[in-house]
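Reader: I would like to learn how to read salt bridges and chain interfaces. Please start with the terms and then show me the cases.

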Amino acid sequence: MQKELILIVILTLLIVISGCIKQEPKSIKEANICGDNICGATEDCNNCEKDCKCKSNEYCSDIGTCRKSVCGDETCSSEENITQSCCEDCGCPSNKICNKIIQTCQEKAVISEEDVRKVANDYLNKNNINGTIIEIIDTYYKNETIKQVNIDCKTEEIPYPCQIILYINDKGEIVEEIRTV
Amino acid sequence: MRMKKILVGFMFGIIIFTSLALAVNLDFNIGVEDKIFFPNETIPINISIINRETTFSARNATLGVYIGKREYTFELGDIKAGDSLLKEIILPEFPPGDYIIKSQLNYTGFFDERTTLETYNSFHVRFPEMERLPRNIVIKSFSIPENITAGETYTISIRVSNEGNVAGDLIVRLSSLDVSTSKELHLEPGNSDTVNLNVKLYNPGVSIIEARVYAIVNSIKYLLVYDIATVFVRESNIAKLSLSKLELADEPDNKINQNDMVILKINILNNGTWLASKVNGILSSSIPEIEIIKSEGDFGIIPKNGFSNAIFEIKTSNAKIGSAELNLDVTYTDGLGEHSISIQIPITLSEGSEICRSNNDCQEDQICSNNRCVVISCECGEIVNHQCIKYDCCNDLDCEEGYICSNYSHVCEPSKEIKADVLIATSSKLKSNDDYNKALREYRETILKEGLTSFYILVDSQKVQELFNIQPANSSDWKSVKNVLDKIIYKVEPDYLLIIGGVDIIPQPPAKTESKIPTIPTSDDRYTDIDLDGIPDVSVGRIPDSKDNIIEPIIKGLDSSIKLRKIKIFNKVILGDICLFSPPLCPGISDVNLLSNAIFDKNCKNNEYCYPAPPYCIDLKCENKREFYNYLLNSDIINLNAHGSPFSFSALAADRKWYNVLNSEDLYKLQFNTNPILFTIACHGGTIDCEEYGCITKRGNVFSFLNNGVAVYIANTRYGYGGLTAKYLSNFYKNIRNGKSIGEAILSMKKEELQNSYTDFENAVIYEIQVYGDPTIRLIGV
């Protein structure tokens, strides 16, 4: 009877002592305890909001990162839609282009394709360049809309690419010319 | 006046009273056995001193015992309050007669006053009852030379006379602290004789010499008479100690090696004219690599013109080869008293470790290899019994990703958070090998020394799920890769992203632009635009392998980035087409000047390091081909301005002919003597994707440069544009000169230019500039 009692006491002590010994985590997952106020590696705002709560101006993304709604993030937020403050995400009607500098849908530059070609060809003749107009694009330049003319200036004697970009405004003026190296 | 006298008297009284009150209360007695002594007996006396005080000590007590001509003095030291001192003194034989013992105790009391206590006793010595004992032996003279010099031999004469009636067999003896010598003598009644004894006295100062005459009866000596003379022994010469020789004990090679345990036997010579006694030495070293294991040595007495040795032990640990000195502080006593001197002990340290036969002959941290003790290299472990027991880990790089090495247990433990300065990303498609793993490890260790921690991840591995709770990426789909990188960058918060591998390993995404130059450029900036605002947020670089899946450019790129870090003085050069298209108008000169000013603070024309092609190019038509190679292959910073493709660089000369600045074949064979940073404005200089030229082989610019020694190559994935690309690269270089790392300099330039861009087209030209190589390199002093 006495021996059994001693055995019980020893076993009880062992249990108490083993409970006091700190068990070191063996894996990352074990080291990440939700609720310890540390947003560990495996924790995020989706699986442990307690430790990884997003700020008030952020939302929790699908992958568990806290994001701010940013113009350019390819998502037209309701605010952007209402305020029409981000044409890059919310798009423009087909007759307008998105000026990403001011994030506004703007009317295309008012100048005919014929006039644009004339200005471009005059430029090529004046500079003695053999070039072919490849395309005329409606785009923006600073706060305004403009025509971008892409000219291929590659010739047989030139084994390397040659491209000239002309920006022509609705007054028929070349506001900038850029040339490949 | 009367009052004053009273006051003085009162004060004096107080002092006397206090003195008496504070005098140490000592019991001082001398005891001698109450019996009759005979002249063949020594006389024991007992001195008893009891300090009955409870507070005061009797300090510096000395005891004087005076019996006839004989005087004895003893130093007793302090007799503390309550202490008792019992001392037995054995007096020598005395001739027959009555003797009074006078004892004097001197000590220092509470007021530092010297107090003397006296006590007396007596004893009686008588002749034994035997007829043959001569009774009237007299010392008639006892002459000692006036000038006695210590250490020299002198003859002392004692004239003895038998004035009694009995003949006697006598012994005449001289005794002092230094000497005890005697001669036998037979004297008939009425006769006298002189005995001459040669003596040497060593102790300088006052010395007492006693002449004794004993009678021998039945082999027993009976003291009949004695006489005492006090002499002054002059100091003679002093002892002169110096190093005689140094011997190495138990040294198989008889050398003190760089790593050694050596027993030194130091011999000291006394070439003075006096013996040195109580010679002790303390060995010390001012050299940190030489440790004194046994520092104290006892040389004992070193006689004049003699030598003595003592043993010391030293331990050397990577000590510098060549001559060194140890210091031996020696204390000794000679004729002049106590001295201390320093003796320099010159030693010679030899290369290597001591000869050994087994590990046991070596220190704990050494092993015996080819009979030499060799220090065990054990940076990451603990040496036990001549073996390096490796730790599980020494730094985080030894642990699996996501685990850190405990500084205490040296065991890898899971990390709660994963943070790193450099995120290194690749995919499982990379055909890694041991060389790659070694190069990567070395690179990570190098940047760690600069304070940059790194984290390495395969974006399509299960580790992504385990560590970051996100599905592994489809490494063929840039959007899937970006999704994973977004999450990892969000958690790890790196300053740099280093992509390892070509487009087959990690795709190079299309830049966030609609502008085609001539197609939408590819750009790794897409991966680092975390908030999706079109502006990259983290510095990015890529070390790609080619379509051929040849991993060498990656290994070389990592290696080169380590080597470039070691350069302190940079050789800079501008090469290539200066005019760009239309000589003699040279529209491109403004671009080149922009770069020349950024790099050299002067235009190309005035720049002795600006070499135009032609004539500086590799084409057969190029006149300065050799010089071109020299500048290209031996510079540390190279700005190459030319027309380009993914495989070559060319220049258009004034004769409207094209010159190869570098063609595919040469590019592939180039071997840089340096590990330069090379940047170019050329079209397609940095194309690695498959869209425009098909998939780029190992002969492409990017792979050839990296494989041949270039550490960082910065180039366009699509067309480069006059006016724009040169401006961006010159601003990049200005950032480098302002102390930014390559990645920071590009990122900073791009952020600024994107924010100030007028058109989407400009954005495309900014995005297409790519860093191939390590973005963390910082070039100080360019």
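Author: A salt bridge is a side-chain nitrogen of Lys or Arg within 4 Å of a carboxyl oxygen of Asp or Glu. Side chains of opposite charge can pair when their charged atoms come close. This is a predicted model, in which local features need pLDDT of at least 70, side-chain atom pairs count only at pLDDT 80 or more, and totals for chains, interfaces and linings use all residues. Residues are numbered from 1 along each chain as its sequence is written, chains are lettered from A in the order in which they are written, and side-chain values use heavy atoms, without hydrogens and water.

Reader: How far apart are N and O in the salt bridge of Arg565(B) and Asp774(B)?

Author: The distance is 2.8 Å, N to O. Helices (H or I, at least four residues) and strands (E, at least two) are DSSP runs, numbered from the N terminus. Arg565(B) sits in the loop between α6 (552-564) and β35 (572-576) of chain B, and Asp774(B) in the segment after β43, 209 residues apart.

Reader: Are Arg565(B) and Asp774(B) buried or exposed?

Author: Buried means under 20% relative accessible area, exposed over 50%, and partly exposed in between (1.4 Å probe, protein chains only). Both Arg565(B) and Asp774(B) are buried.

Reader: Which parts of chain B does the pair of Glu118(B) and Lys102(B) tie together?

Author: The closest N and O atoms of this salt bridge are 4.0 Å apart. Glu118(B) lies in strand β8 (residues 114-125) and Lys102(B) in strand β7 (residues 97-108), so the pair ties together parts that are 16 residues apart in sequence. Glu118(B) is partly exposed at 41% relative accessible area, and Lys102(B) is partly exposed at 27%.

Reader: What is the nearest side chain of opposite charge to Glu768(B)?

Author: For charge, Lys and Arg count as positive and Asp and Glu as negative; His and the chain ends are not counted. Glu768(B) is buried but has no salt bridge, and the nearest side chain of opposite charge is Arg718(B), 6.7 Å away. The side chain of Glu768(B) does reach the backbone nitrogen of Arg718(B), at 2.7 Å. Arg718(B) is itself linked with Asp689(B), Glu691(B) and Glu692(B) in a network of salt bridges.

Reader: How many residues of chain A are in contact with chain B?

Author: Contact means heavy atoms within 4.5 Å. By that rule, 48 residues of chain A are in contact with 52 residues of chain B. Across this interface there are 6 salt bridges. In one salt bridge, Lys100(A) pairs with Glu514(B), with the closest N and O atoms 3.4 Å apart.

Notes:
A polar contact is a pair of N or O atoms within 3.5 Å; within protein, one must be able to donate a hydrogen and the other to accept it, and residues adjacent in sequence count only if both atoms are side-chain atoms.
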